Amino acid sequence: MNLLSVENLSKSFGVKTLFRDLNFGIEQGQKVALVARNGAGKSTLLKILQGKEIPDSGQVVFRKDIRVGFLEQDPTFLAGESVYDTLFNSDSPQLQAVRNYELAMEHYEKDPSDKNQEALQTAMEAVEHENAWDFETNIRQILNRLNIHDLDQAATTLSGGQKKRVALARILIENPQLVILDEPTNHLDIEMIEWLEAYFDRNDITLFLVTHDRHFLDEVCTDILELDDNQLYRYKGNYAYFLEKKAEREFNEGRELDKAKSLFKKELEWVRRQPKARGTKSKSRLQEFDALSEKVRGKKRQEELELKFKMNRLGGKVMELIKINKAYGEKTLITNFEHVFKKGERIGIVGKNGVGKSTLLNILTGKEKVDSGKVVHGDTLVVGYYSQEGLKLPEDQRVIDVVKEIGNGIPMADGTVLNAVQLLKLFQFPPDVQHGFVSKLSGGERKRLFLLTILMQNPNFLILDEPTNDLDLVTLGVLEDFLSNFPGCLLIVTHDRYFMDRLTDQLFVFEGNGHVRGFIGNYTDYRIMKDIEASSFAEKATADEEAEPFDSAKSLAQDDKVEVKTEAEVEQKDKRKLSFNEKRELEQLDKRIPELEAKREELNQALIDNASDHEKLIALGDEMTAVVEELEIAEFRWLELTEIES
């Protein structure tokens, strides 16, 4: 069933044509990504779909009576609305029933009068009538996973990242048939992104999205649309398939492939290393790509710029952190953290949002002071700091003048200088854009320009805070190649797992409550280690439970102990009881857990029965993973609720 049709769509701004006569459709269940260079018209196309831009020609047709959800890159909210109002602003009968129930529950807990109890009972009956109890549980999971807790806060006072998460939560709660997303992973930490990948994988959602997150593209998407030179190309597969077929298309069109091949091959090799990717990629297709790579090796290599530049000299002492501590009020971010930075270190920083990652960067650059401890800088240290705030420039300034104001170029290792024009060209600024005004740049182009100004300072200690946001895939490849040859210290905060895997060999892991853990290896290594730890913990817990015999005397003694509790102890225990909502959730879990256990046994048998069918095993394995994950979450929540009830 076709949900969206785009027919003969064209759009230009002045003499610049973004796209001409675009035609594509999206069927129910497809997850389609649009990829293109910055400034090629991705965001403009999404605005046309949303009705915020008018095309020069052509039309956009949505299937009649379907609900469509739009996630903008920079969401805005109405003045006076709370986060609660924003999240539940929908005509959905299920959502309205849950909203009324939540309000009734809130009123009853504040004032358990007969009137409020009657209103709560009416609201519960409405939720029952709409069969919305599972819906309410899903809402709680969405809010918890996206770290949304203060529902009374005015929506307009949220930070940019908080607004993006609230807007995303609103779409997931409304559960439209078609979801259109502009950079959905921006402002999400890695755990949130991995949860979102699993959410889209488990749910029958039709997607059309723009994202630079290559791992997200590979895990989620079924189709890739590439907008290149005003033309649209469709690839029926995920990101790895797109890489292969794009390379093949360019070769067949007689283009020079050698330069692009390096990027595609590196990315493909990384994709192959991922457990899911390894199981789902066609062996013959990978062999075809390898053969294609071998075929083009004989082609004459075009002259390329060497990215080995001569940075400012870095002495033996770079930077040292001596037992630094940082807190805001009662919230502890960093406790007694120590590290001696060495030349050539490449460190990634990971952790949930709000645990102190950006605070550490601000401490290193002197923007914030530590509460105690010392930060010692070496005499030759030159720090380049790419922050999330970006670069603020006069809108009427020309792009090339912005770069030239900082310097004439970057000195290279061979004694030559990479001048401003060459550097701009390297980072995908063609001559007409170089001599154009900053006001004409897209969001991604502005980020690229800001990055160039940092590199022009020729730093020997480079700090990058979310450098991949809004950058196109081509620019990401150039930046990764550039940073791969950076001889100084490199410190990166990013939610882009591919970017971090390519460029780091150790991590600072912010685990919360001020604890920062050092880890040798990249992010994939860290996740493997965490999975092993989790598996070992689960096995130990199961073994301990099975090993402990039932002691009737001990049980009786415990029962006796309960009976002789003092009145004060009983009163203290009674202070926390299950709410109506929690009681209902416990009832649902009592039903759901046996269903999941039965499904797990069914899948176990199916795995045995299909041992010789490789493709069937992969599908069953993915389904088993989802069932086991849901069962673990359900059992953990059941234990929490039963402990409160007991």
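**A question to start**

In which hand does α5 pass α6 in their crossing? The crossing is right-handed, where right-handed means that the near helix is turned clockwise from the far one by less than a right angle, and left-handed that it is turned anticlockwise. More on that pair below, after a look at the whole chain.

**The model overall**

This is a predicted model, so local features need pLDDT of at least 70 and side-chain atom pairs count only at pLDDT 80 or more, while totals for chains, interfaces and linings use all residues. Residues are numbered from 1 along each chain as its sequence is written, and side-chain values use heavy atoms, with hydrogens and water left out.

The protein chain has 24 helices and 20 strands; helices (H or I, at least four residues) and strands (E, at least two) are DSSP runs, numbered from the N terminus. Of its 646 residues, 46% are buried (buried is under 20% relative accessible area, exposed over 50%, partly exposed in between, with a 1.4 Å probe and protein chains only). Take the contacts between residues at least 6 apart in sequence: 69% of them join residues at least 24 apart. A contact here means heavy atoms within 4.5 Å.

**Confidence**

Mean pLDDT for the protein chain is 79, with 80% of its residues at 70 or more; pLDDT is the predictor's confidence in each residue, from 0 to 100. Residues 277-282 stay under 50, and the model gives them twelve contacts beyond four places in sequence. Residues 550-575 are also below 50, and that stretch has five contacts beyond near neighbours in sequence.

**α3 with α4**

Helix α3 (residues 93-110) packs on helix α4 (residues 114-129) at about 155°, their axes 9 Å apart. Axes are lines fitted to C-alpha atoms, for helices over the stretch in contact, and angles run from 0 to 180 degrees between N-to-C directions. That makes α3 roughly antiparallel to α4 (under 35 degrees counts as roughly parallel, over 145 as roughly antiparallel, 65 to 115 as roughly perpendicular and the rest as oblique). This crossing is left-handed.

On the α3 side, the contact residues include Ala97, Tyr101, Ala104 and Met105; from α4 they include Leu120, Ala123, Met124 and Val127. By class, the contact has twelve nonpolar, four polar and no charged residues. For the classes, Ala, Val, Leu, Ile, Met, Phe, Trp, Tyr, Cys and Pro count as nonpolar, Asp, Glu, Lys and Arg as charged, and the others, Gly among them, as polar.

**α5 and its partners**

α3 also packs with helix α5 (residues 133-145), at an angle of about 75° and with the axes 10 Å apart. That puts α3 roughly perpendicular to α5. Here Gln94, Leu95, Val98, Tyr101 and Glu102 of α3 meet Trp133, Phe135, Glu136 and Ile139 of α5.

Phe135, Ile139, Ile142 and Leu143 of α5 make the contact with Ala169, Leu172 and Ile173 of α6. That's seven nonpolar residues, with no polar and no charged ones.

**Buried spots**

Asp213 sits in the loop between β7 (206-210) and α8 (214-220) and is buried, at 0% relative accessible area. Leaving aside neighbours within four places in sequence, Asp213 contacts Thr185, Ile193, His495 and Arg497. Asn186, in the loop between β6 (178-182) and α7 (190-202), counts as buried at 3%. With residues up to four places away not counted, Asn186 touches Lys164, His212, Asn469, Asp470 and His495.

Phe499 belongs to helix α19 (residues 497-503) and is buried too, at 0% relative accessibility. Beyond four places in sequence, its contacts include Arg214, Pro467, Leu476, Leu483 and Ile492. Phe499 and Gly348 are 151 residues apart in sequence and 9.9 Å apart in space, C-alpha to C-alpha.

**Positive phi**

Most residues other than glycine have a negative phi. Asp21, in strand β2 (residues 16-27), has a positive phi near 55° and is partly exposed at 46%. Asn147 also has a positive phi, about 60°, although it is not a glycine. Asn147 lies in the loop between α5 and α6 (160-174) and is partly exposed at 34%.
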